[in-house]
Amino acid sequence: MNQLLVDSRMKTEKRVAIIGSGVSGLCAAKHCSAAGSGVTCVVYEQAAVIGGTWVYTDQTDVDNYGLPVHSSMYKNLRTNLPKEAMSFPDFPHAEGEVSYLPATGVLQYLNDYADKFHLKEIIKFQHHVKQIKPIENERWEVSVVDLKNNSETIQEFDAVMLCIGHNSKPRYPEIPGKDKFKGVQTHSHHYREPLPFQGKSVLVIGAGPSGLDLTCEVSNVAKKVYLSHHTDYAGNLKFSDNVELKPDVSSLTENTVIFNDATESDIDIILYCTGYVSSYPFLSKECGIVVVDNFEKPLYKHMINIEHPTMAIIGIPRHLPIFHLVDIQTQFFIKTVTGDIKLPSKDEMLDELETYIAKKLNEGCRLRDLTALGKSMQTYYNDLANKAGVKNMSTLIVKMYFDAYERIFKDFLTFRNNCYKIVDNENFNVIDMRELNRKNFKCKCGNGCKPPTEIKAQI
């Protein structure tokens with residue numbers, strides 16, 4: 001596909017609505033508001049602050065206005081990727097010995113980014129997007145409620161960028177007997193701290209990063225924790241003695257869980273760490289977006305609405321460095337809005353999508369995993385960057401991402417002790433801070449103390 005270069009004198013500035021001010025929304029705002037971008041933008045944010053899912057709140061179901069709480073942040077969360085792989089390409093994190101930041105560190109980074117590029121002044125806080133629907137000439141009508149004044153307005157835009165993330169609507173598995181269980185059933189989305197699990201027998205379902213994290217946290221106060229999983233790595237991890245690994249759940253009774261190995265255990269609480277469901281309740285039916293088994297379609301390049309290509313959903317692909325993803329995606333989409341990139345015809349985009357779906361399904365991939373790019377991320381990034389004429393993600397970031405991701409499941413209890421140091425454009429070192437602390441240990445009491453031999457895992 002060739003780029004269509006348009007004489008800047010013939011361009012008219014386009015107006016873009018950005019929904020959300022988390023990682024992708026801030027990045028979209030930065031590129032839209034840049035001088036010479038050819039667009040202007042307004043950002044609508046339901047909360048009173050920026051940060052999206054990185055903003056902690058004690059509220060778990062609805063906020064002060066009765067709207068769903070989007071954040072899934074819990075008090076003790078630390079990132080499961082190093083900050084060196086979690087930054088926008090033009091805005092690195094500050095130097096420091098800690099690579100795995102607490103959530104407050106990521107939130108501070110996002111605030112610094114917003115301040116650097118003067119983004120907060122174009123964000124309408126406490127504004128809830130009620131509905132988005134297409135109108136003539138591929139434009140959009142956006143209905144917005146000002147929550148503070150309880151007033152509704154309708155605005156028109158040339159394009160819309162949905163930047164709402166995908167970790168807010170809990171996904172629950174279908175388990176026989178789930179409706180009969182008399183204990184507590186909750187989801188990691190609602191988890192904030194381990195105190196409610198004190199002295200309880202807990203069933204954790206799911207062994208992704210959040211399932212492993214919360215198993216560790218809850219086991220510090222619970223009487224017993226059963227971790228139900230079907231992975232090939234959980235059995236190699238060393239949990240505390242009150243954690244027992246179990247296979248998938250077969251069924252539930254009023255007070256017990258029955259596993260696929262036919263064993264049965266008494267439990268008080270079920271903690272589902274089973275992921276999230278993609279949801280766009282504010283999109284009218286005319287938008288044409290449908291979600292089937294957590295797969296959004298029809299989208300070109302996993303982001304552009306093929307039915308109405310002046311709409312994009314930013315940040316859908318998984319298993320890749322999200323900050324670099326949204327940076328390239330937003331630049332690509334903006335250039336399609338201004339006409340600097342000419343998209344293929346609707347039929348061509350649909351054919352490309354259907355070919356991709358058929359190929360992945362034939363390889364045994366589930367619909368919900370069609371956007372889990374993983375090892376194929378570089379091809380995706382290359383395609384977008386080349387077409388948009390923007391800087392591509394470096395191979396260093398790719399190598400660092402996969403190195404860090406593999407360490408999660410090899411040594412989950414201690415991987416956050418690692419510190420990443422970039423050497424050059426192709427290489428990095430990983431330093432175990434426990435070893436460094438031992439080497440640098442100096443007795444301060446004068447009694448010749450030796451460095452500690454056991455370092456508590458930094459979960």
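What covers the buried residues of helix 1? A few notes on that, bearing in mind that this is a predicted model.

1. The cover over the buried residues of helix 1 includes strand 1 (14-19), strand 2 (39-45), helix 2 (103-116), strand 3 (123-125), strand 7 (159-162) and helix 4. With 10 of its 11 residues buried, helix 1 is largely enclosed by the rest of the structure. The buried ones are Val23, Ser24, Gly25, Leu26, Cys27, Ala28, Ala29, Lys30, His31 and Cys32; note that Lys30 is on that list.

2. Now the partner helix. The axes of helix 1 (residues 23-33) and helix 4 (residues 322-338) come within 9 Å, crossing at roughly 40 degrees. That angle makes helix 1 oblique to helix 4, and their crossing is right-handed.

3. Who touches whom there? On the helix 1 side you'll find Val23, Ser24, Cys27, Ala28, His31 and Cys32, and they meet Phe323, Val326, Asp327, Thr330, Gln331 and Ile334 of helix 4. Sorted by class, this contact has seven nonpolar, four polar and one charged residues.

4. On to the cores. The largest nonpolar core has 99 residues, and Ile18, Trp54, Phe88, Met161, Leu212 and Met377 touch the most other members. Helix 7 (residues 395-410) gives the most to this core, with nine residues. Apart from it lies another core, of 21 residues, with Val142, Phe157, Val160 and Ile313 among them.

5. Ile18 is worth a click in the viewer. Leaving out residues up to four places away in sequence, Ile18 touches Gly25, Ala28, Ala29 and Cys32, along with Cys41, Val42, Val43, Tyr44, Met161 and Cys163.

How values were computed:
Residues are numbered from 1 along each chain as its sequence is written. This is a predicted model: local features need pLDDT of at least 70, side-chain atom pairs count only at pLDDT 80 or more; totals for chains, interfaces and linings use all residues. Side-chain values use heavy atoms; hydrogens and water are left out. Axes are lines fitted to C-alpha atoms, for helices over the stretch in contact, and angles run from 0 to 180 degrees between N-to-C directions. Helices (H or I, at least four residues) and strands (E, at least two) are DSSP runs, numbered from the N terminus. Angles under 35 degrees count as roughly parallel, over 145 as roughly antiparallel, 65 to 115 as roughly perpendicular and the rest as oblique. A crossing is left-handed if the near helix is turned anticlockwise from the far one by less than a right angle, and right-handed if clockwise. Contact means heavy atoms within 4.5 Å. Ala, Val, Leu, Ile, Met, Phe, Trp, Tyr, Cys and Pro count as nonpolar, Asp, Glu, Lys and Arg as charged, and the others, Gly among them, as polar. Buried means under 20% relative accessible area, exposed over 50%, partly exposed in between (1.4 Å probe, protein chains only). A nonpolar core is a set of buried Ala, Val, Leu, Ile, Met, Phe, Trp, Tyr and Cys residues joined through side-chain atoms within 4.5 Å.
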